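Here are a few notes to read with the model open beside you. They go through helix packing, charged pairs and some individual residues in turn.

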Amino acid sequence: MAGANTKVAIASNALQLIGSSAIASFSDDDAGAVVANNIFDDIAEELLAFYPWSFAKKQSDALSMLTQTPDTLWDRVHQLPSDLLALRRIVVNSKDIDYEVYGDRVFSNAAEADDVYAIYTHYADVTVWPPAFRLFMEYRLATIFATSVAIKADLAGFFLDKAEVQGRIAKSVDAQQDTTQAMTTTRFITVRR
């Protein structure tokens, strides 16, 4: 399983985990290839969107302000990037601002002259997925392949458990990619006095 850095290699590893044959392409004449072709991107998008992975984080260029009249709660409307899977922050002048997402648009109270930026998760290329995330994806795919290819519900449960554990491991490893935030202690010191 080490070094699987293509969609087909990851899907092939997952199929082998359930005892199925390896695949060389999503167009192979094999049940595993058909299922992999149909679900790979959906599962990858689900896993990428559910946590702010550092390898899938992206900052937009200044968002385009739309001429649409916002509802009564917000002053401005901006178009979100087309490759956005999950919005994490909206930033103006290096500060987070309040916002609300409506479909592919973001509403805020940014000033008309402000440059508004989005920090978001996108579908990062498979070649940059770290090993812990690739294994998470393989176990998650194996869960689906176990029911759709091998028709073994107990095997699906086994791999679902493995995927949950591997997801926690992958998040833990990924969380170490940022600067550690200092804990504010002034409140504790004040209470002690």
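1. Start with helix α1 (residues 7-17) and α3, whose axes are 8 Å apart and which pack at an angle of about 55°. The two helices are therefore oblique to each other, and their crossing is right-handed. Please keep in mind throughout that this is a predicted model. On the α1 side, the residues that meet α3 are Ile-10, Ala-11, Asn-13, Ala-14, Leu-15 and Leu-17. Their partners in α3 are Arg-134, Met-137, Glu-138, Tyr-139, Leu-141, Ala-142 and Phe-145.

2. Now follow α3 to its other helix partner here. How do the axes of α3 and α4 cross? Helix α3 covers residues 131-148, and its axis comes within 8 Å of that of α4, with a crossing at roughly 165°. That angle makes α3 roughly antiparallel to α4, because angles over 145 degrees count that way. In this case α3 passes α4 in a left-handed crossing, whereas α1 and α3 cross in a right-handed one.

3. Which side chain of opposite charge is nearest to Asp-174, and how far away is it? The answer is Lys-57, at 6.9 Å. Asp-174 is buried, yet it has no salt bridge, because a salt bridge needs the nitrogen and the carboxyl oxygen within 4 Å. Setting aside neighbours within four places in sequence, Asp-174 is in contact with Tyr-51, Pro-52, Trp-53, Ser-54 and Phe-55.

4. How many salt bridges does a search of the whole structure find? There are five. One of them joins the side chains of Lys-7 and Asp-41, at 2.8 Å from N to O. Lys-7 counts as partly exposed at 30% relative accessibility, and so does Asp-41 at 34%.

5. Another salt bridge brings together the side chains of Asp-83 and Lys-58, at 2.6 Å from N to O. Asp-83 lies in the loop between β2 and β3 and Lys-58 in strand β1 (residues 57-59), so the pair ties together parts that are 25 residues apart in sequence. Asp-83 is partly exposed at 28% relative accessibility, and Lys-58 is partly exposed too, with a relative accessible area of 32%.

6. The loop between β2 (76-79) and β3 (84-92) also holds Leu-80. Is Leu-80 buried or exposed? With a relative accessible area of 7%, Leu-80 is buried, because the cut-off for that is under 20%. Not counting residues up to four places away in sequence, Leu-80 touches Leu-63, Leu-87, Val-101, Gly-103, Asp-104, Arg-105 and Val-106.

7. Two of those Leu-80 contacts, Asp-104 and Arg-105, form a salt bridge with each other through their side chains, at 3.8 Å from N to O. Arg-105 counts as partly exposed at 21% relative accessibility. Asp-104 is also partly exposed, with a relative accessible area of 45%.

8. Asn-93 is not a glycine, but it has a positive phi of about 50°. Ser-94 lies in the loop between β3 and β4 as well, and its phi is near 65°, again a positive value in a residue other than glycine. Asn-93 is exposed, with a relative accessible area of 59%, and Ser-94 counts as exposed at 72%.

Key:
Residues numbered from 1 in each chain as written. Predicted model: local features only at pLDDT ≥ 70, side-chain atom pairs only at ≥ 80, totals over all residues. Heavy atoms only, no water. Buried < 20%, exposed > 50% of the residue type's maximum accessible area, 1.4 Å probe, protein only. Lys, Arg positive; Asp, Glu negative; His and termini not counted. Contact = heavy atoms within 4.5 Å. Axes fitted to C-alpha atoms, helices over the stretch in contact; angles between N-to-C directions. Helix = DSSP H or I, 4+ residues; strand = E, 2+ residues; numbered from the N terminus. Parallel < 35°, antiparallel > 145°, perpendicular 65-115°, else oblique. Left-handed = near helix turned anticlockwise from the far one by under 90°.
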